[in-house]
Amino acid sequence: MALYKHIPNTITSMNLLSGIMGVIFALEGHLEWALPMMVLAAVFDFCDGLAARLLDAHSPIGGELDSLADLVSFGVLPSLMLYKVMPADAPVVVRFLPLFVAVMSAVRLAKFNVDDRQTLDFLGLPTPSCAMVCGSLAYFLHAGGGVPSGAGPWLVAAVAVILGLLLVSEIPMFGMKIKKGHKLLDTKRTAFLILAAACVLAVVLLKQNWSLAVLAVFSVYIVENLVVALINSFRRGA
């Protein structure tokens with residue numbers, strides 16, 4: 001096999017390495033480093049698929065490696081980050097609910113591997129998007145985001161359960177993959193990019209923690225997809 005054919009798998013391995021480093025930082029309580037590692041893993045996750053398409057270097061092992069890396073970077077890591085912001089005196093069931101995200105991420109990735117309907121867009125919440133909401137929320141709370149202490153555990157638990165269910169749902173969600181002949185900037189994607197830019201600008205102007213921008217952008221992605229799915233459902237029922 002030509003050497004360049006190994007480039008996508010090398011990039012995927014960097015995704016996995018970033019996720020492992022993020023897990024170590026999370027276990028040590030350094031969420032300020034765990035979140036950047038997750039973001040870096042997401043960059044590698046985007047680039048490995050792009051490289052595979054550009055180099056025509058798709059392989060069965062590459063797909064399996066990608067899922068294994070994603071489970072660590074976007075399943076285990078965000079769960080641990082949410083778990084770390086749970087108070088020690090929180091009810092046991094509530095305290096361990098963040099791990100629901102890791103389990104549902106595994107189910108989501110397994111479904112994706114055997115579902116030929118998800119090529120450019122998705123059915124259910126993509127694991128990187130789920131991870132970004134979890135990781136940014138955890139760091140925002142860790143950095144003193146202003147959520148009342150009594151509400152914190154229940155907020156984290158609710159987010160974990162809702163996102164976990166969205167991961168394995170059949171709700172259509174648009175992707176941002178770049179592929180020849182594919183119209184990237186349709187109405188949904190254009191609206192998302194505009195709203196995302198507005199969120200980032202607002203966070204900068206209000207001088208808030210940068211994690212709030214990540215949280216806002218990916219929350220917008222989820223809400224927009226849910227609204228579009230609801231509208232389409234009403235149209236089909238009309």
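In the predicted model, Met-21 is partly exposed, with a relative accessible area of 35%. Met-21 is located in helix 1 and, together with Met-14 and Leu-17, makes up a nonpolar patch on the surface. The accessible area of these three residues together is about 240 Å².

The largest nonpolar core comprises 45 residues. Within this core, the members that touch the most others are Met-38, Met-81, Leu-125, Leu-163 and Tyr-221. Two or more core residues are supplied by each of helix 1 (7-27), helix 2 (31-55), helix 3 (60-84), helix 5 (99-113), helix 6 (127-142), helix 7 (152-167), helix 8 (187-205) and helix 9 (210-237). Helix 6 provides the largest share, eight residues. For Leu-163, when residues up to four places away in sequence are not counted, the contacts are Leu-125, Cys-130, Val-133, Cys-134 and Ile-222.

Two of these contacts of Leu-163 are the cysteines Cys-130 and Cys-134. Cys-134 is buried, with a relative accessibility of 0%. The cysteine sulfur closest to that of Cys-134 belongs to Cys-130, at 4.1 Å. Because a disulfide requires the two sulfur atoms to lie within 2.5 Å, this separation of 4.1 Å is too far for a bond. Cys-199 also counts as buried, since its relative accessibility of 17% falls under the 20% cut-off. The count of disulfides by the distance rule is zero.

How values were computed: Residues numbered from 1 in each chain as written. Predicted model: local features only at pLDDT ≥ 70, side-chain atom pairs only at ≥ 80, totals over all residues. Heavy atoms only, no water. Core = buried A, V, L, I, M, F, W, Y, C linked by side-chain atoms within 4.5 Å. Buried < 20%, exposed > 50% of the residue type's maximum accessible area, 1.4 Å probe, protein only. Helix = DSSP H or I, 4+ residues; strand = E, 2+ residues; numbered from the N terminus. Contact = heavy atoms within 4.5 Å. Patch = residues over 30% accessible without salt bridge, like charges linked within 9 Å, V, L, I, M, F, W, Y side chains within 5 Å. Areas by Shrake-Rupley, 256 points an atom, 1.4 Å probe, with all protein chains shown as cover. Salt bridge = Lys/Arg side-chain N within 4 Å of Asp/Glu carboxyl O.
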